[in-house]
Amino acid sequence: MSGKNYLHQLDAKNRMRIPAKLREELGADYAITVGSGGCLYVYTKEQMKEVKATLNNLNTYREKQLKAARFILYNTWEAEEDKQGRILLPDNLRKYAKIEKNVLVFKGPTCVEIWSEEVWNDYFSDVNFEDLADALDELKNDG
């Protein structure tokens, strides 16, 4: 798990680059979908298969499960790089993540994440280290 982040900007056509090091880790086929906290998750082909397998286990009579599955699947986009290694961020994903210009690409704990720089800064504006310590203790106790 890295923790390295990269700052970029969308170009006039709403394209951006995934840094070469992260593109290498993602492989040729990767997908982008909605993530928690207002970011976008970038999944490898294998990770996306796992997500879809999880969604296949839903109870279609449980509205919350069905709504979550529909939202994730509707907002999943198979990334396509152009010859310069740029990808287009579709409108629905840009709107969800509130990405207008400044983009932060982050190697998160389970996948690559794409954030609006402003949303990222807001997300961590009220960090409480006691809460962080509690969360880490929970992880230790669960593992």
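Helices and strands are here DSSP runs numbered from the N terminus, a helix having at least four residues and a strand at least two. The model is a predicted one.

**Stop 1: the whole chain as a cartoon**

How does the radius of gyration of the protein chain stand against that of a compact globule? For 143 residues such a globule would have a value near 15 Å, and the protein chain has 16 Å, which agrees.

**Stop 2: contacts, surface and charge**

Display contacts between residues with a separation of 6 or more; 59% of them join residues 24 or more positions apart. Next, colour residues by relative accessibility: 37% of the 143 residues count as buried.

Switch to the accessible surface, which comes to about 9600 Å². Carbon and sulfur atoms contribute 50% of that area.

Then select the charged side chains, of which 21 are positive and 24 negative. The centres of these two sets are 8 Å apart.

**Stop 3: Arg 94**

Select helix H4, residues 91–97, and within it Arg 94. Is this arginine, Arg 94, buried or exposed? Its relative accessibility is 14%, and because the limit for burial is under 20%, Arg 94 counts as buried.

Now show what surrounds the residue. Leaving aside residues up to four places away in sequence, Arg 94 touches Leu 10, Asn 14, Leu 89 and Ile 99.

**Stop 4**

A disulfide is a covalent bond between the sulfur atoms of two cysteines. With a cut-off of 2.5 Å between cysteine sulfur atoms, the count of disulfides comes to 0. Select Cys 39, which is in no disulfide; the nearest cysteine sulfur to its own belongs to Cys 111, 7.0 Å away.

Finally, compare the accessibility of each cysteine with the burial limit. Cys 39 is buried, with a relative accessible area of 1%. Cys 111 is likewise buried, at 4%.

How values were computed
Residues numbered from 1 in each chain as written. Predicted model: local features only at pLDDT ≥ 70, side-chain atom pairs only at ≥ 80, totals over all residues. Heavy atoms only, no water. Rg over C-alpha atoms; globule rule 2.2 N^0.38 Å. Buried < 20%, exposed > 50% of the residue type's maximum accessible area, 1.4 Å probe, protein only. Contact = heavy atoms within 4.5 Å. Areas by Shrake-Rupley, 256 points an atom, 1.4 Å probe, with all protein chains shown as cover. Lys, Arg positive; Asp, Glu negative; His and termini not counted. Charge placed at Lys NZ, Arg CZ, Asp CG, Glu CD.
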